[in-house]
Amino acid sequence: MGCLKSRRRNIGVVTLILACVISGEWLRGMSYLDCVQFPTGEHSWQEWSSGRGAIRGWSLNVKTVVNDERPESFGWYMVTISEIPSRNGRPQTWRWWCDNFGAEDWFYFQDNFRSNFIIPYWSIVIPLSLLSACLLLSKPRSLPSRSTQLQINSKGS
């Protein structure tokens, strides 16, 4: 473990591993959608999903429960991308949208309000990979030798 003596190299290895894990989830998301949902109140819940090249999160505030769809407790599920239903022509109003980043609000059913956000995987993987490359490939700075420090100190006095 001679090459991993410095903290800089250790952080570089950790960021590289993190970038690889997130890249793996990015590739998995081409076929599957992984979702975690949990209630945040009596009439609201959150869901975070990973798939279709991005991390998505949404919150739903429910005034009218439709088909008893509110989760009672923390849950996880997975579906294939082909099983995901379409929006059925419901309007999509993005508060902002830029390079696959986005946030939107829309009425889900009657008076039920839903807000979404989207963060693309590339915006996480590329910076982590670049940071890892800088930390692992850059040469560590050498400390000035004791004789150099003495020369600098003697010139200053």
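Biologist: Not counting residues up to four places away in sequence, which residues does leucine 128 touch?

Modeller: This is a predicted model, in which local features need pLDDT of at least 70, side-chain atom pairs count only at pLDDT 80 or more, and totals for chains, interfaces and linings use all residues. Residues are numbered from 1 along each chain as its sequence is written, and side-chain values use heavy atoms, with hydrogens and water left out. A contact requires heavy atoms within 4.5 Å. With residues up to four places away in sequence set aside, leucine 128 touches Thr15, Leu18, Ala19 and Ile22.

Biologist: How many residues apart in sequence are leucine 128 and alanine 19?

Modeller: Leucine 128 belongs to helix H2, residues 122-137; helices (H or I, at least four residues) and strands (E, at least two) are DSSP runs, numbered from the N terminus. From C-alpha to C-alpha, leucine 128 and alanine 19 lie 5.7 Å apart in space. Their separation in sequence is 109 residues.

Biologist: Is leucine 128 buried or exposed?

Modeller: Buried means under 20% relative accessible area, exposed over 50%, and partly exposed in between, with a 1.4 Å probe and protein chains only. Leucine 128 has 15% relative accessibility, and therefore counts as buried.

Biologist: Which residues make up the largest nonpolar core?

Modeller: A nonpolar core is a set of buried Ala, Val, Leu, Ile, Met, Phe, Trp, Tyr and Cys residues joined through side-chain atoms within 4.5 Å. The largest such core has five residues in all. The elements giving two or more residues to this core are helix H1 (7-28) and H2. Its members are Ala19, Ile22, Tyr121, Val125 and Leu128.

Biologist: Leaving aside neighbours within four places in sequence, with which residues is tyrosine 121 in contact?

Modeller: Tyrosine 121 is itself a member of the largest nonpolar core. Apart from its neighbours within four places in sequence, tyrosine 121 is in contact with Ile22, Glu25, Trp26, Ser50, Gly53, Ala54 and Ile55.

Biologist: What is the angle between the planes of tryptophan 45 and tryptophan 58?

Modeller: Rings of Phe, Tyr and Trp (its six-membered ring) pair if their centres lie within 6.5 Å; planes under 30 degrees apart count as stacked, over 60 as edge-to-face and the rest as tilted. By this rule there are three aromatic pairs. Tryptophan 45 and tryptophan 58 form one that is edge-to-face, at 6.3 Å centre to centre. The angle between their planes is 65°.

Biologist: Which parts of the chain are tied together by the pair of tryptophan 48 and phenylalanine 117?

Modeller: This aromatic pair is edge-to-face, with 5.2 Å centre to centre and 75° between the planes. The pair ties together parts that are 69 residues apart in sequence, because tryptophan 48 lies in strand E2 and phenylalanine 117 in strand E7 (residues 112-120). The parts are thus strands E2 and E7.

Biologist: Over how many bridges do E1 and E2 pair?

Modeller: Two strands pair if DSSP finds at least two bridges between them. A hairpin joins E1 to E2 through two residues, and glutamine 37 stands opposite glutamate 47 in E2. E1 and E2 pair in the antiparallel sense, and the number of bridges is seven.

Biologist: Which residue in E4 is the bridge partner of cysteine 35?

Modeller: Strand E1 (residues 32-41) and strand E4 (residues 75-80) run antiparallel and are joined by six bridges. The partner of cysteine 35 in E4 is tyrosine 77.
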